[in-house]
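Let's take a friendly walk through a protein chain, one piece at a time. Have a look at the sequence and the structure below before reading on.

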Amino acid sequence: MLKAQTPRRVGSSCTRERIVQAAIRLYREIGYRKTTVADVARDVSMSPANLYRFYPSRRALEEAVVTELLEEVSAAAASAARTGRSGLERLNAIFRAITRMHEDRLANNVRLHDLVVAAGQANWPASLSRADRLRGVVQSVIAAGQAGGEFRAGSPMALACCLLDAMDAYLNPSRIKATAVRPAFNEMMSFCAGALGNAASVNAESFQVTSIGADLRSKSACRT
């Protein structure tokens, strides 16, 4: 049985959320490198010493912000996973949702995007956790597709890692600005459909997806 939160715990949680939202606003406006803990404390009308009671360091606060930003991406991917009927439709929807979230953040909130990129490149726990969750979602979709005869036999974990590695150029926020030559999103999804498909039940050439020029997904998602 779950224990009800005490008023003190609820208040602490609300204060933490206020601090994170203040940091997000400031990071969006002036960037995380230029924002100090004192700036965030001032924005929420508290002293830096009081803020440190909730986040013991600047890095801890940045980690909380990244967790919040990546949670938005994970929520969009999870919602997209429920929209398609076939496994391929669900995978396409998941990858499209992630791609769009990072593209939109790059276009409209580049300073927040820069923080997410920095966290991914430095393997912050928040980034590693998000990568693990994405791998888990993709693995479950593949396993369900195998059970229905849509996908080829094999380890769902291994196939998920192969698929995420193949789609890295479209799922990794650090590669959105990359100018390297790569196939269009729909071309790569068609290729992956052919690699995953059970030839007896899936015609990969008939699988159509919408082209999106984008990027995301951390290499660490397939680390063991």
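## A loop residue to start with

S86 sits in the loop that lies between α4 and α5. With a relative accessibility of 23%, S86 counts as partly exposed, because buried means under 20% relative accessible area, exposed means over 50%, and partly exposed is in between (1.4 Å probe, protein chains only). Along the chain, S86 and V141 are 55 residues apart, yet their C-alpha atoms are separated by 9.2 Å.

A word on what you are looking at: this is a predicted model, in which local features need pLDDT of at least 70 and side-chain atom pairs count only at pLDDT 80 or more, while totals for chains, interfaces and linings use all residues. Residues are numbered from 1 along each chain as its sequence is written, and side-chain values use heavy atoms, with hydrogens and water left out.

## The chain as a whole

How many helices and strands are there in the chain? There are 10 helices and 0 strands, where helices (H or I, at least four residues) and strands (E, at least two) are DSSP runs numbered from the N terminus. Read from the N terminus on, the elements run α-α-α-α-α-α-α-α-α-α.

The chain has 224 residues, and buried residues make up 45% of them. A contact means heavy atoms within 4.5 Å. Among contacts between residues at least 6 apart in sequence, 71% join residues at least 24 apart.

Helix α4 covers residues 58-81, and E63 is found in it. Is E63 buried or exposed? Its relative accessibility is 15%, so E63 counts as buried. Not counting residues up to four places away in sequence, E63 touches W124, P125 and A126.

Helix α4 also packs with helix α5 (residues 87-108), at an angle of about 150° and with the axes 8 Å apart. Here, axes are lines fitted to C-alpha atoms, for helices over the stretch in contact, and angles run from 0 to 180 degrees between N-to-C directions. The two helices, α4 and α5, are therefore roughly antiparallel to each other; angles under 35 degrees count as roughly parallel, over 145 as roughly antiparallel, 65 to 115 as roughly perpendicular and the rest as oblique. On the α4 side, L69, L70, E72, V73, A76, A77, A80 and A81 meet R90, A93, I94, A97, I98, M101, H102 and R105 of α5. The residues of this contact of α4 with α5 divide into 12 nonpolar, 1 polar and 3 charged. For these classes, Ala, Val, Leu, Ile, Met, Phe, Trp, Tyr, Cys and Pro count as nonpolar, Asp, Glu, Lys and Arg as charged, and the others, Gly among them, as polar.

## Helix α7 and what surrounds it

Helix α7 (residues 125-147) has 23 residues. From its first C-alpha to its last, α7 reaches 33 Å, close to the 33 Å expected at 1.5 Å a residue; the expected span is 1.5 Å times one less than the number of residues. Just after α7, G149 takes a positive phi of about 80°.

Which residues of α7 are buried? They are A126, S127, R130, A131, L134, R135, V138, V141, I142 and G145. These buried residues pack against α4, α5, α6 (110-121), α8 (156-166) and α10 (185-196).

Helices α5 and α7 pack at about 165°, with axes 9 Å apart, and are therefore roughly antiparallel to each other. In this pair, G87, R90, L91, I94, F95 and I98 of α5 meet L134, V137, V138, V141 and A144 of α7. By class, the contact of α5 with α7 has 9 nonpolar, 1 polar and 1 charged residues.

## Helices α8 and α10

The axes of α8 and α10 come within 11 Å and cross at roughly 160°, and these helices are therefore roughly antiparallel to each other. The contact is made by L159, L163 and A166 of α8 with M188, C192 and L196 of α10. Its residues divide into 6 nonpolar, no polar and no charged.

In α8, the residues L159, A160, C161, L163 and L164 are buried, and what covers them includes α5, α7, α9 (168-171) and α10. Over in helix α10 is A195, which counts as partly exposed at 43% relative accessibility. A195 and C162 are 33 residues apart in sequence and 9.8 Å apart in space, C-alpha to C-alpha.
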